[in-house]
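Colleague: I have a chain to look at and some time to go through it. Can you take questions as they come?
Modeller: Go ahead.

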Amino acid sequence: MSPVQTGVPPKDGPKWEPIFCIRDTTAQVFTPQYRELEQLYQQIDSKYPNKFVILGFPCNQFGNQDPGTNDEIQTFCQVNYGVSFPVLGKVDVNGPNAEPLWSWMKEKQPGIFGLTRIKWNFEKFLITADGQLNNPDRPRHILPTPQMASRVIFDPLIALRLAPLVSSTCSLWFAWDQNIFLRNFVHPANRTASDRSLPTYFRTFFRSGVTWILVLLGLSLSTAGINIVTDRASLGQSQSMRWYVAGAAFTAGHALYAPVVAPIVRAISEDRSKGQSTRDLERWLWWNILRMVTVDLAAWVCFGVGVMRTLSV
């Protein structure tokens, strides 16, 4: 088998021509790169005939954006963009069934932060004439034209994977910060003043905090749901699906505490204890700690494990 089939660079024998390997797609948002790659291919080939080749590797692991047959993909590339360089049959580039060539390239030239996972469409590797990856110490985005550089700065897939972790981190931090701040009200030296000021504080400021919590919980649930629904295959291969589902479930668990916590908040806001609001606050603080550990911390851990599993494949 050839080195391209096995993914193993040759130790001796004939030298390769330089090979530009691309993880491509027929999804409309990125396909204009076909035209740019074809222009690059023609420019180099006209200057150095038969010294350079581009290989396209279709893959359907990223949001099911390449569902067509191999013949349909060939027709799409040739008819819409006049592609003349080889576009091969569909392969996996991540997970246990990844094409050996891609496993070798990812290992030899990892991406940002050392991640070996192919993150999205049109990632590129350059293999030199002696069968080695070009500049293995640099990030693997090889950008022959400025138009291809957008995803180096912003990778939508990584942003989507990280989004539930970021919002759950904010929720956890907010709960911990609330606990530290409000505990000052129940300190023995502050109780008398706190009993007078707590109802006003809860009516004026506390409700805005509840709004922010609801926003953060909504972000965690919605972004986790988008990950789960739009890319089941990729999450399944990295064994991170269960962690995103668990994180979403723990986030939704906030609703279980509402029937217990809401009456306490109402009692403090309306001063139902008649000057003894710190007693109600002590109850609220106990439930807040319990909720933070069983819901916020649990969701954060699940999303964190899910992100690490997904991005490390």
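Colleague: How far apart do the end C-alpha atoms of residues 209-229 lie, and what are the helix and strand percentages of the span?
Modeller: The end C-alpha atoms are 30 Å apart, and the span is 100% helix and 0% strand. Helices (H or I, at least four residues) and strands (E, at least two) are DSSP runs, numbered from the N terminus. Before you go on: this is a predicted model, where local features need pLDDT of at least 70 and side-chain atom pairs count only at pLDDT 80 or more, while totals for chains, interfaces and linings use all residues. Residues are numbered from 1 along each chain as its sequence is written, and side-chain values use heavy atoms, with hydrogens and water left out.

Colleague: Which residues does UniProt list for "transmembrane region"?
Modeller: The unreviewed UniProt entry lists 209-229, 241-265 and 285-308 under that name. UniProt positions are given in the numbering used here, feature names are shortened, and annotations may be inferred rather than shown by experiment.

Colleague: And what is the helix percentage for 241-265?
Modeller: That span is 96% helix and 0% strand, with its end C-alpha atoms 36 Å apart.

Colleague: Back up a bit. How many helices and strands are in the chain?
Modeller: The chain has 11 helices and three strands. From the N terminus on, the order is α-β-α-β-α-α-β-α-α-α-α-α-α-α.

Colleague: What share of the residues is buried?
Modeller: Buried residues are 46% of the 313 in the chain. Buried means under 20% relative accessible area, exposed over 50%, and partly exposed in between (1.4 Å probe, protein chains only).

Colleague: Now the inside. Which residues have the most contacts within the largest nonpolar core?
Modeller: Y34, F85 and W102, in a core of 30 residues. A nonpolar core is a set of buried Ala, Val, Leu, Ile, Met, Phe, Trp, Tyr and Cys residues joined through side-chain atoms within 4.5 Å. The elements giving two or more residues to this core are α2 (32-47), β2 (53-58), α3 (70-81), α4 (100-108) and β3 (124-127). A second, separate core has 16 residues, including L182, Y257, V261 and I264.

Colleague: What does F85 touch?
Modeller: Leaving out residues up to four places away in sequence, F85 touches Y34, L37, E38, Y41, I54 and G56. Contact means heavy atoms within 4.5 Å.

Colleague: And V87, buried or exposed?
Modeller: V87 is buried, at 7% relative accessibility. V87 sits in the loop between α3 and α4.

Colleague: Different topic. How many salt bridges does a search of the whole structure find?
Modeller: Three. A salt bridge here is a side-chain nitrogen of Lys or Arg within 4 Å of a carboxyl oxygen of Asp or Glu.

Colleague: Why would such side chains pair at all?
Modeller: Side chains of opposite charge can pair when their charged atoms come close.

Colleague: Which residue does R191 pair with?
Modeller: R191 pairs with E282, and their closest N and O atoms are 2.2 Å apart. R191 is in helix α7 (residues 191-230) and E282 in helix α11 (residues 277-312), so this pair ties together parts 91 residues apart in sequence. R191 is partly exposed at 23% relative accessible area, and E282 is partly exposed at 37%.

Colleague: What are the other pairs?
Modeller: E270 bridges to R272, with the closest N and O atoms 2.7 Å apart. R283 and D280 form a salt bridge at 3.5 Å, N to O. R283 and D280 are three residues apart in helix α11, so about one helical turn separates them. R283 is partly exposed at 45% relative accessible area, whereas D280 is buried at 10%.

Colleague: Last one, the surface. Which residues make the nonpolar patch?
Modeller: V293, L297, W300 and V301 make a nonpolar surface patch of about 310 Å². Patches are made of residues with over 30% relative accessible area and no salt bridge; like charges are joined within 9 Å, nonpolar side chains (Val, Leu, Ile, Met, Phe, Trp, Tyr) within 5 Å. W300 is in helix α11 and counts as partly exposed at 33% relative accessibility.

Definitions and conventions: Areas by Shrake-Rupley, 256 points an atom, 1.4 Å probe, with all protein chains shown as cover.
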